[in-house]
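We will go stop by stop, with a note on what to look for at each one.

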Amino acid sequence: KVRAERNILRYALFVSFFPQLISGPIGRAGSLMPQIDNCENIKVWDRERICSGLIIALWGYFQKLVIADRASIFVNEIFSAYSTFGSVELLLGAILYTVQIYCDFSGYSHIALGTAKVIGFDLTENFDAPYFAASVKEFWRRWHMSLGSWFRDYLYIPLGGNRVSAGRWIFNIAVVWAATGLWHGAAWNFVAWGVYFAVLLVLEKLFLKKWLERSPARGHIYVMLLVIISFVLFDAATLRGAGETIGAMFGA
């Protein structure tokens with residue numbers, strides 16, 4: 001869909017574009033290459049653009065340093081010795097980790113967006129208030145959007161997407177979400193985390209869609225409960241530790 005870039009320096013800039021190189025958002029050629037092709041025309045000093053970029057970056061630093069890093073102190077204390085705490089402390093730790101991981105991810109994305117804007121580039125938004133989602137499907141349309149669109153375009157659609165039989169669609173969802181888990185790390189808890197969301201998405205489509213649509217408030221509670229549980233699985237060192245922590249959160 002995008003013409004080949006014949007200029008090695010422009011291509012190198014696209015591959016190594018520093019604001020989003022380490023942590024995203026994932027820069028796609030269709031949106032970033034035209035800006036690189038036009039970079040000679042970017043005005044070096046644009047007060048409005050630079051101030052806007054700095055405000056976006058400062059909001060990212062606030063999310064990361066003031067919220068996420070402060071929450072992590074309590075979260076690490078709880079989950080490093082989860083067997084010594086009761087259900088209230090574990091549940092509070094899980095809720096704070098849900099805040100921490102969002103502010104970490106959203107924080108570095110805003111730092112990247114703001115830094116790029118200062119020098120005249122517009123990157124893709126990565127988050128759109130995901131904790132206001134009323135279904136797991138909607139949550140993943142709002143969370144880490146650049147990653148979601150990448151897996152959609154390069155894995156889900158080539159596998160056939162949803163224009164296939166029900167059995168093949170379930171297979172496609174399982175493959176995409178197992179790959180999404182592995183993208184986050186080569187460990188079984190990440191695979192289980194991906195499969196967890198694959199199961200939820202299948203259940204939603206086949207059985208829960210109308211139930212969720214009847215009450216958005218119910219959908220919000222449902223999403224947050226499942227997301228909080230998922231991040232305990234995401235953060236656990238072992239599957240056994242995740243199972244014990246989740247069980248203890250609910251009194252087991």
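Is His-144 buried or exposed? Select His-144 and see: its relative accessibility is 4%, so it counts as buried (buried is under 20% relative accessible area, exposed over 50% and partly exposed in between, with a 1.4 Å probe and protein chains only).

Before moving on, note that this is a predicted model, in which local features need pLDDT of at least 70 and side-chain atom pairs count only at pLDDT 80 or more, while totals for chains, interfaces and linings use all residues. Residues are numbered from 1 along each chain as its sequence is written, and side-chain values use heavy atoms, with hydrogens and water left out.

**Stop 1: two backbone turns to check**

Stay on His-144, in the loop between α5 and α6 (helices are DSSP runs of H or I, at least four residues, and strands are runs of E, at least two, numbered from the N terminus). Its phi is positive, near 45°, although the residue is not a glycine. Most residues other than glycine have a negative phi. Now select Ala-129, which also has a positive phi, of about 45°. Ala-129 sits in the loop between α4 and α5 and is partly exposed, at 30% relative accessible area.

**Stop 2: Glu-125**

Glu-125 is in the loop between α4 and α5. With a relative accessible area of 44%, this residue is partly exposed. Show its surroundings: leaving aside neighbours within four places in sequence, Glu-125 is in contact with Leu-113 and Met-145 (contact means heavy atoms within 4.5 Å).

**Stop 3: Gln-35**

Go to helix α2 (residues 29-37), where you will find Gln-35. Gln-35 is buried, with a relative accessible area of 19%. A polar atom of its side chain lies 2.7 Å from the backbone nitrogen of Asp-122. Beyond its neighbours within four places in sequence, Gln-35 is in contact with Gly-120, Phe-121 and Asp-122.

**Stop 4: the nonpolar cores**

Select Phe-79, Val-136, Trp-140, Trp-143, Trp-177, Phe-197 and Phe-231: these have the most contacts inside the largest nonpolar core, which has 47 residues (a nonpolar core is a set of buried Ala, Val, Leu, Ile, Met, Phe, Trp, Tyr and Cys residues joined through side-chain atoms within 4.5 Å). Its largest share, ten residues, comes from α9. Apart from this core lies another, of ten residues, among them Phe-14, Met-33, Ala-112 and Phe-121.

Zoom in on Phe-231. Leaving aside neighbours within four places in sequence, Phe-231 is in contact with Tyr-97, Thr-98, Ile-101, Tyr-131, Trp-143 and Trp-193.

**Stop 5: the largest pocket**

Finish at the largest pocket, with a volume of about 920 Å³. On a 1 Å grid over the protein atoms alone, a pocket is an open set of points where a 1.4 Å probe fits, with protein on both sides within 12 Å along at least five of seven lines; lining residues have an atom within 4 Å of a point. Grid points are joined across faces, edges and corners, and the volume is the space filled by probe spheres set on them.

To centre your view, select Lys-137, Trp-140, Arg-141, Ile-173 and Leu-201, the closest to the pocket's centre of its 25 lining residues. Colour α5 (136-142), α6 (145-159), α7 (166-184) and α8 (188-213), the elements that give two or more residues to the lining. The largest share, seven residues, comes from α6.

Key. Polar contact = N/O pair within 3.5 Å; in protein donor to acceptor, adjacent residues only side chain to side chain.
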